[in-house]
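Dear colleague,

Please have it open beside you while you read the notes after it.

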Amino acid sequence: MNGAEAWAPGPPERTYLNARRGVVSWLTTRDHKRIGLMFLMGSLTALLIGGAMAMAIRLELLSPGPSVMDALTYNRFFTLHGVVMIFLFMVPAIPSVFGNFLLPIMLGAKDVAFPRLNLASFYLYLAGAALALWGMIHGGADTGWTFYAPYSTTTPTQVAPILLGVFTVGMSSIFTGLNFIVTIHTMRAPGLSWGRLPLFVWAVYGASIIQVLATPVLGLVLLLVAAEHTFGFGLFDPARGGDPLLMQHLFWFYSHPTVYIQVLPAMGVISEVVACFSRRPVFGYRMVAASSLGIALVGFFVWGHHMFIAGQSTFDSGVFGVLSMMVGVFTAIKVFNWVGTLYRGAVSFTTPFAYLMGFLYFLVFGGMTGVAVATVSLDVHWHDTYFVVAHFHFIMVGGVMMAFLAALHYWFPKMFGRRYPEGWGLVSAVLIILGFNATFVPQFLLGNLGMPRRYYQYPERFEALNVASSAGATLLAFGFLLILVYLLLSLRYGEKAGDNPWLSKGFEWNTRSPPPEHNFERMPIIEGAPHDYGAPPEVAHATR
Amino acid sequence: MSLLDQLLFLPERASTFAEQVDQLHYFVVLTTIVASTAVGVTALLLFVRFRQRTVGQQTVPVHPPIWLEALFVVVPLAFFLVWFGIGYRDYLLLSTPPKDAMDVYVMGKQWMWQFAYPDGPSSVEVLRVPKGRPVRLLLTSRDVIHSFYVSQFRIKQDALPGRYTQTWFTATRAGSFEVLCTEYCGVDHSIMRGEVLVLEPEEFDRWWQGQRRGLFARGDYPASREAEESSMVGQGRRLAMELGCLRCHSLDGTPHIGPSWKDLYGREEKLESGGRVKVDEAYLTRSMMDPLAEVVAGFKPVMPSFRGRVEPAQAAALVEFIKSLRSEPFAQELPRGER
């Protein structure tokens, strides 16, 4: 494309980072890039807390009997690990961080459609996170992140603050989704037709639709559980005419699609990364874009595959089972097209590309084990065992986390104008991919062997695999700490990146890195699809 | 144990269902391993073949032909549908207990399992069953949701408060098999264990007769009680009198204020609200707890709710009593699914 005339070089030192100074300028900013960065800090903090809890859990599971903590503490830890990781890290990680930062730039817009709502979204996230953390310190729920009634409505622990915290974070998620939908519809630059939208935008669009439509149901069910726990409503209590299965239906109506709120943007990141590092537009662009919407749509009608043995009818199980297979098909389309993108490309092996390779393998394995647990008769054995735990960690950590790390490395120069050390990047990527396998492959085997999840103590036949998993988790944790250290150092000491260190032709590279306060000095005009590497690289871009 | 079982850490197979379902298990798991490795290796090979030679190298645009895109859809879809088909067939089998199955009532409570035989003893934590005979489990819970799991049988079923769910198995090996709770149920969730003791049929019959005669005083129930009285049917009869059920429900087929209990179980009834319902364990329990929801056609909605007045074990006893009131040994199809 065309970027050379899209912006005119301004004074290089004026970027969104230093255009205004002082803490107040950050706290009251309406700049989508600054809000994205604040979300990044928030979600990385959540990742640290959730990760520390995961390590505590793995430590306890090193031996079959009680060791470092008591049963109640353990139960609180796995609950909070789930709540923090899913609602405070995974859901906002890619849409609210990278979506916020990049979406308007990719669209050639100055900002999102509703900048104030965007800031409100961040404060709601902060308030919800604070409420949930406060709830953890004062009591801490022991229900599991799924809050199944009637246990969640009768447990003596404090569930209400955490439920309200998650409810508030959900509001934040709705605001962000709404904002993105309107922005994509109304703020595209001249020439940017739907057929030219970057695949990251398509993916975030699909995720935003789910955020807006499904999150209200989560809010509803969380409020009802909180009300039942606090005031004794009888909605989910069979002794008073309620139905515990109703709670599960409502919960999974959101919480299954929420997986796609996390996975779709991750797939979007992968589409950008694979195009940039193989210097080819994504093979089968239309299919990849359409499958994002397909997943968003079908994702709404598969929730019952969490309830095959919960007491729903055999007919329901059949319908939910066969629809779940469709998600697998849409995902397979994407995977084949990503691999196809490498064909006749010019592939360079960088840190983001290393994470992409990890992502491909983990997504296929994790996705196909997802199809396996949607195969109704097999689920009977695997349901609520470590097989399911391993499956969703393959999708969440193996998929979303790999994409998050790829995004963090790919767009680090875009956000901060500096480079990270490539050698250390590759070392930590290898550490993380190996550590990930060592942590979660044993958990698949534990599931096969029949170890139920949420077990504080376990029969001795499960010990060896648990030790292996804990050892892998240690490796994984080292990988993350290494990344944290070199990225923080790179913020200050990293080599200056220039505007486009990857020579990428993604639209977000049409402006300087880091971008100026209003993204572009002049409105860009889009003349082609993104990632068109058929023309020689625009050196003006690359070397400025 | 085959090598494959050891590689996949699959527990031994000790039920007919386990034998059947593991074929699909192998198929799915092996395909998954092969496919994910193939994708990873293909990506690596493509990287090696097409790596970047000069910085900023140009590339030729390649667009996938339509047949290739179709292949991307059809191949995974075919695999997934075949798995689903086989899996759903097996699942239906698991949802349809054989007609001659022996019934056992299972009650989960924080944090133990209780087992009760309709016309025999009840026990805590140990379920004795004969090898080679189908056993149907009718599960409920006294407090929160639990889940009954025997990995060697490859079966699992949630036990919910206020309703009955079912599953079944035919054990193929004698021995002791651990029951684990797989639905998180509180502090001692991880040590809520039970045991299924599979006995050779003759051994089981001997034990059974001994229990019936009240000769064994394993502590499961007071030995002084008559076997008849301590059986669930006997308890149900006593309860029906104590609770006043018999003031409205006759035992001889005469309709009174409510439908007669004779030959009620297994019948299909028309409802006041239109529609039909199969009278099974689940319907009978619902009718005790929420009697006005599904009133049989021709009767007035006058029955009071026994919610809170009837414990799960008592409800099971009443159901068993109603089931015992049949003129012919029942040949009707047993309820399918859980509701």
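In chain B, where is confidence lowest and where is it highest? This is a predicted model, and within chain B the lowest confidence falls in helix α5 (residues 227-230), at a mean of 57, while the highest is in β6(B), at 96. The mean pLDDT of chain B as a whole is 85, with 91% of its residues reaching 70 or more. Please take care with residues 215-226 of chain B, where the pLDDT is below 50 and the stretch has 13 contacts in the model beyond near neighbours in sequence; residues 330-339 of chain B also have a pLDDT below 50, with 21 such contacts. Where pLDDT is low, the predicted coordinates should not be read in detail. For the complex, the predictor gives an ipTM of 0.89 and a pTM of 0.86.

Turning to how the chains meet, 80 residues of chain B are in contact with 79 residues of chain A. On the chain B side, α3(B) gives the most, with 16 residues, and that side as a whole divides into 41 nonpolar, 23 polar and 16 charged residues.

Within chain A, the axes of helix α2 (residues 32-60) and helix α4 (residues 115-137) come within 10 Å and cross at roughly 15°, and because an angle under 35 degrees counts as roughly parallel, α2(A) is roughly parallel to α4(A). Their crossing is left-handed. Among the residues that meet there are A:Phe39 and A:Ala46 in α2(A), and A:Phe122 and A:Leu126 in α4(A); by class, this contact has ten nonpolar, three polar and no charged residues.

With best wishes

Methods: Residues are numbered from 1 along each chain as its sequence is written. Chains are lettered from A and ligands numbered from 1 in the order in which they are written. This is a predicted model: local features need pLDDT of at least 70, side-chain atom pairs count only at pLDDT 80 or more; totals for chains, interfaces and linings use all residues. Axes are lines fitted to C-alpha atoms, for helices over the stretch in contact, and angles run from 0 to 180 degrees between N-to-C directions. Helices (H or I, at least four residues) and strands (E, at least two) are DSSP runs, numbered from the N terminus. Angles under 35 degrees count as roughly parallel, over 145 as roughly antiparallel, 65 to 115 as roughly perpendicular and the rest as oblique. A crossing is left-handed if the near helix is turned anticlockwise from the far one by less than a right angle, and right-handed if clockwise. Two residues are in contact if their C-beta atoms, placed from the backbone, lie within 7 Å. Ala, Val, Leu, Ile, Met, Phe, Trp, Tyr, Cys and Pro count as nonpolar, Asp, Glu, Lys and Arg as charged, and the others, Gly among them, as polar. pLDDT is the predictor's confidence in each residue, from 0 to 100.
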